[in-house]
Amino acid sequence: MFTGIVTDIGRVRSVRETNRDRRYEVETVWDTATIDLGASISHAGCCLTVTEKGEGWFAVEVSGETLSKTKLGDWTENTRVNLERAAKLGDELGGHIVSGHVDGLGEVVSITPEGGSHRIVIEAPAPLHRFIAPKGSITVDGVSLTVNGVHERRFDVNIIPHTWDATTLGGLKVGEKVNLEIDMLARYLARWQETA
């Protein structure tokens, strides 16, 4: 369980194919002595398990399923990655409840400066767009954001200067893919309506 509040921008230091999966080593400023093997860490919104670690880095293995459904398959050496450690009981819930399960890939349609902030328009895949509502929550590359507006399959978010600088969102380009996780409440309400 996560909150969508990024606490480090890691850097992929190596990529290696294994017999089963793909292995990434990620550099971090965190004290890796405090990270347990088997710990869950959000990588651009995707929950991955720590399988090995050393001073200033840790490794994760990513399945073919995850590579095909997220932007993680595009990662190369030096890719910058939004990181968040799993929430602990008693932690401040600064964003919203995030599972770390990517629901789909969106595409950046436009990025427009507005004062000191930036408005990003993203097109969501169908049928995921049905679960995105104005003033609702959404996770974009692991960052908890408020949806400003929705028009058909497109939605927009406003990125304040702190978030622009403290996450990888400031480096997004038009046409780039982003990991999306819809609000958990929207997911369960939609399922309840389907079965009611």
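## Basis of the description

Because the model is predicted, local features are reported where pLDDT is at least 70 and side-chain atom pairs count only at pLDDT 80 or more, whereas totals for chains, interfaces and linings use all residues. Residues are numbered from 1 along each chain as its sequence is written, and side-chain values use heavy atoms, with hydrogens and water left out.

## Annotated repeats

An unreviewed UniProt entry carries the annotation "repeat: Lumazine-binding" over residues 1–96 and 97–193, and UniProt also places the feature "domain: Lumazine-binding" at residues 1–96 and 97–193. UniProt positions are in the numbering used here, feature names are shortened, and such annotations may be inferred rather than shown by experiment.

In the span 1–96, the end C-alpha atoms are 10 Å apart, with 6% helix and 43% strand. In the span 97–193, the end C-alpha atoms are 21 Å apart, with 16% helix and 44% strand. Helices (H or I, at least four residues) and strands (E, at least two) are DSSP runs, numbered from the N terminus.

## Two domains and their interface

An assignment, with bounds from an automatic or database source, divides the protein chain into domain 1 (8–85) and domain 2 (104–194). Taken over C-alpha atoms, the centres of domain 1 and domain 2 are separated by 23 Å. Eleven residues of domain 1 are in contact with 13 residues of domain 2, contact meaning heavy atoms within 4.5 Å. Between them the two domains bury about 880 Å², of which 44% is on carbon and sulfur atoms; this buried area is the accessible area (1.4 Å probe) that two parts lose on being put together, summed over both.

Two salt bridges are counted between domain 1 and domain 2, a salt bridge being a side-chain nitrogen of Lys or Arg within 4 Å of a carboxyl oxygen of Asp or Glu. Glu176 and Lys71 form a salt bridge in which the closest N and O atoms are 3.6 Å apart. On the side of domain 1 that touches domain 2, strand S6 (residues 80–85) supplies the largest share, four residues.

The structure holds 13 salt bridges, including one between Lys177 and Glu107, whose closest N and O atoms are 3.2 Å apart. Lys177 belongs to strand S12 (residues 177–182) and Glu107 to strand S7 (residues 104–114), so this pair ties together parts that are 70 residues apart in sequence.

## Backbone features in loops

Most residues other than glycine have a negative phi, and most peptide bonds are trans. Ala126 and Pro127 are joined by a cis peptide bond with omega about 0°, and Pro127 is in the loop between strand S8 (117–123) and strand S9 (137–140). Ala44, although not a glycine, has a positive phi of about 55°; Ala44 is in the loop between strand S3 (40–43) and strand S4 (46–54).
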